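Trainee: Could you show me how to read the way helices pack and how a core is put together? I'd like the general idea and then the real case.

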Amino acid sequence: MKLLLLGADGQVGWELRQSLAPLGEVIVADRVCADFEQLDALRELVRELVRASGVDVVVNAAAYTAVDRAESESDLATRINSDAPGVIAEECERLGALLVHYSTDYVFDGEKDSPYVETDAPNPRSVYGSTKLLGEQVIQASGCRHLIFRTSWVYSDRRSNFVRTILRLAKERESLSVVSDQIGAPTSAAMIADVTARCIEQAVNADGLSGLFHLTPTGETSWHGFASYFLDLARNGGMELKADEIRAIRTDEFPCDATRPMNSRLCCDRIRDVFGIELPEWRFHVRELIARMLEQEKV
């Protein structure tokens with residue numbers, strides 16, 4: 001099997017480099033060689049690599065993820081999150097490749113009182129959510145075989161994310177304030193990559209397997225609960241933190257340009273039923289990450 005990985009320098013893309021390797025040859029394309037703002041060049045790149053190199057699977061881990069900035073950069077967010085995936089999907093359909101793509105809980109308004117399933121009607125409340133929904137729709141309309149994974153609250157030990165930001169602030173400040181009324185499941189980029197590889201392995205050998213799947217760990221917490229948990233792990237593991245208070249606040253006490261879903265819970269029964277994958281509880285990969293970060297600090 002040959003795979004083309006787009007967005008290889010992002011959180012999920014970096015983890016996919018390792019997770020996809022056992023499946024076959026992985027051709028890696030970062031933002032330098034695959035510019036999602038230049039659609040004609042992107043089309044030519046995908047067409048050439050898929051056709052000339054015999055690529056069977058295209059994995060798109062690239063996205064515009066600056067949620068608040070997207071409110072003032074809607075054209076750019078649309079180009080990267082919708083127009084570019086549409087181009088990739090067209091080429092995958094033309095050349096018979098499977099397309100793997102990632103979406104988000106932000107396609108929902110967050111007003112449901114239970115976890116969202118794949119068939120719930122989307123109703124994004126932000127530019128970011130709207131552009132990601134459009135990306136899903138253009139892929140589905142292209143006719144290409146696809147696996148679209150919606151996920152939420154992605155974190156890792158690379159690039160900018162909630163875990164790294166809170167740990168940095170906890171070393172600088174004596175008190176932190178974290179939102180406690182938004183509920184979801186923190187999702188490790190490593191888990192996303194590992195599950196993706198397992199799904200691809202099955203999909204390429206299952207004629208016609210295609211569709212949309214929710215992908216988060218089991219369980220739920222708030223941003224405040226998430227932060228409290230990994231800060232305790234870090235402190236107990238010997239990390240020097242100045243913050244000794246984590247104040248729980250409401251969303252309306254922390255104004256942002258983009259509206260966040262209050263309920264980001266995603267029901268993942270479908271990925272379990274179709275692929276036979278049992279997803280771990282959210283704390284599992286948090287413990288792994290903090291343990292790894294503690295080891296890195298000792299070096």
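Mentor: Gladly! Let's begin with a crossing, called right-handed if the near helix is turned clockwise from the far one by less than a right angle, and left-handed if anticlockwise. Here α7 passes α9 in a right-handed crossing. Keep in mind that this is a predicted model, where local features need pLDDT of at least 70 and side-chain atom pairs pLDDT 80 or more, while totals for chains, interfaces and linings use all residues. Residues are numbered from 1 along each chain as its sequence is written, and side-chain values use heavy atoms, without hydrogens and water.

Trainee: At what angle do α7 and α9 pack?

Mentor: Angles run from 0 to 180 degrees between N-to-C directions of axes fitted to C-alpha atoms over the stretch in contact. For α7 (residues 223–236) and α9 (residues 282–298), the angle is about 40°, and the axes lie 10 Å apart. That makes α7 oblique to α9; oblique is what remains after under 35 degrees (roughly parallel), over 145 (roughly antiparallel) and 65 to 115 (roughly perpendicular).

Trainee: Which residues make the contact?

Mentor: Contact means heavy atoms within 4.5 Å. From α7 come Gly225, Phe226, Tyr229, Phe230, Leu233 and Ala234, and from α9 come Trp282, Arg283, Val286, Arg287, Ile290 and Leu294. They divide into 9 nonpolar, 1 polar and 2 charged.

Trainee: How do the axes of α5 and α7 cross?

Mentor: The axes of α5 (residues 162–172) and α7 come within 10 Å and cross at roughly 60°, so these two helices are also oblique to each other. Their crossing is right-handed. On the α5 side, Phe162, Val163, Ile166, Leu167 and Ala170 take part, and on the α7 side Trp223, Phe226, Ala227, Phe230, Leu231 and Ala234. This contact has 11 nonpolar residues, no polar and no charged.

Trainee: Which residues touch the most other members of the largest nonpolar core?

Mentor: A nonpolar core joins buried Ala, Val, Leu, Ile, Met, Phe, Trp, Tyr and Cys through side-chain atoms within 4.5 Å. Of its 35 residues, those are Leu4, Leu6, Phe36, Val58, Ile88 and Leu99. The largest share, 7 residues, comes from α3. Leu4 touches Ile27, Ala29, Leu49, Val55, Val57, Val58 and Val59, leaving out residues up to four places away in sequence. A second, separate core of 32 residues includes Leu98, Tyr102, Leu147 and Ile192.

Trainee: Is Gly211 buried or exposed?

Mentor: Buried means under 20% relative accessible area, exposed over 50%, partly exposed in between (1.4 Å probe, protein chains only). Gly211, in strand β10 (residues 211–214), counts as buried because its relative accessibility is 9%. Beyond neighbours within four places in sequence, Gly211 contacts His146, Leu147, Ile148 and Arg270.

Key: Helices (H or I, at least four residues) and strands (E, at least two) are DSSP runs, numbered from the N terminus. Ala, Val, Leu, Ile, Met, Phe, Trp, Tyr, Cys and Pro count as nonpolar, Asp, Glu, Lys and Arg as charged, and the others, Gly among them, as polar.
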